[in-house]
Structure formats: C-alpha cells, structure tokens
Amino acid sequence: GVATGAADLLMRTTDGGITWATVTCSGLSSDIVKALAVFSSNRFLIGSNADGMFQTWDDGATWTTLTFPGQVGTGAINGFSFPNHLIGYMAHTPGSGQGYIYRTINGGASWKKCVDTPVNAGFTDIVAVNENLAYACGAISSTYGVILKVQA
C-alpha cells in the first residue's frame, strides 16, 4: 500500500500496513501531495497543491515530472482515478478557482480536458466507475456544491 501525508510525505507498506517506510519525492520541495494513483508496487503518480505532477516507475528512487494543458503552477491536482493502467481522470483546480476535469488514455503521459465544466469553486475529488464514466465533486460556491457526471 501507499499513502500520502503532510507536505511532501509519501509512505509505503509491504506487509499490509504493519510497518511503513518513507518514499522520497524528489522535486516536490514544500508541495503538499494531494492526489495519488498506485498502478503497481513500483509505479505511482502523484499530484500536488502547486500543480506538480510526478511519476515513478521504481518505487520512488527516481521521479519524472509530467505536464498537462492548463497547468499554471498555482493550482492543485486534487484527485486521480484510474479504472485501468492506461485510462484515468484528474480533478484539477487552477489558481483561479474554477475546476476542470482531465482524462488520459496513456497512463498519465498526456492529458486533455474531457468535459466543459459548469461554474464551480474547484473540484475536490473524482472517482472513475469505468473507462468512460466518472463522477467529480466540487467545493461549495455560494450555497451550492457541484457533483458532475463525466462521460467520455
């Protein structure tokens, strides 16, 4: 298992959660890890509160920086959901507050907006039901929150 914590903390267990070890997240500096996708015992994808997206294929020994359209450096990647190792969704809130949903079909190597989003105060998480259906939830704007059905 893999879990995130405060600042740039990423923890991993190989014994069902009895013991945990820190995984180094190079490149994050003081970013806060807000999103995590675990593909295998060695491959993780993380997103941060500063629009950072990083991927490791070797249990955190090395990290690759990934980019996406709309990345502004002041936004937050608030959630990933992958129904399989290639297709996935991302909930993103840029610095302006209006949230967007992105989709990848190549394991996170590239992303594109997959739906026009209604007025919102940012998306806080996303859950993929399958390759073509996901649900995102958003922060309260005025007196309304948002739940969005995303169909690819």
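Colleague: Quick one to start: is Cys114 buried, partly exposed or exposed?

Modeller: Cys114 counts as partly exposed, because its relative accessibility is 21%. Keep in mind that this is a predicted model.

Colleague: Thanks! And how many disulfides does the structure hold?

Modeller: Zero disulfides.

Colleague: What about the accessibility of Cys137?

Modeller: Cys137 has a relative accessible area of 33%, so it is partly exposed.

Colleague: Which residue is the bridge partner of Cys137 in β14?

Modeller: That would be Ile147. The strands involved are β13, residues 133-141, and β14, and they pair in the antiparallel sense over seven bridges. Strand β14 covers residues 144-151.

Colleague: Nice. How many residues sit between the strands in that hairpin of β13 and β14?

Modeller: Two residues, and Ser142 in this hairpin takes a positive phi near 60°.

Colleague: Back to Ile147: buried or exposed?

Modeller: Exposed, because its relative accessible area is 71%. Ile147 is also part of a nonpolar patch on the surface, alongside Val129 and Tyr135.

Colleague: What accessible area does that patch have together?

Modeller: About 320 Å² for the three residues together.

Colleague: Changing topic: what is the strand order in the open sheet of four strands?

Modeller: The order is β4-β5-β6-β7, and the pairing is antiparallel. From one strand to the next, the twist averages 25°.

Colleague: Which strands stand at the edges there?

Modeller: β4 (33-38) and β7 (64-66) do. Each has a single partner strand, so one side of each has no neighbour in the sheet.

Colleague: How many bridges join β6 to β7?

Modeller: Three bridges, with the strands running antiparallel; β6 takes in residues 53-56. As one of the contacts between them, Met53 has Leu66 as its bridge partner in β7.

Colleague: Last one, on strands in general: how do side chains alternate in a regular strand?

Modeller: They alternate between the two faces of the sheet.

How values were computed:
Residues numbered from 1 in each chain as written. Predicted model: local features only at pLDDT ≥ 70, side-chain atom pairs only at ≥ 80, totals over all residues. Heavy atoms only, no water. Disulfide = S-S within 2.5 Å. Buried < 20%, exposed > 50% of the residue type's maximum accessible area, 1.4 Å probe, protein only. Pairing = 2+ DSSP bridges. Axes fitted to C-alpha atoms, helices over the stretch in contact; angles between N-to-C directions. Patch = residues over 30% accessible without salt bridge, like charges linked within 9 Å, V, L, I, M, F, W, Y side chains within 5 Å. Areas by Shrake-Rupley, 256 points an atom, 1.4 Å probe, with all protein chains shown as cover. Salt bridge = Lys/Arg side-chain N within 4 Å of Asp/Glu carboxyl O.
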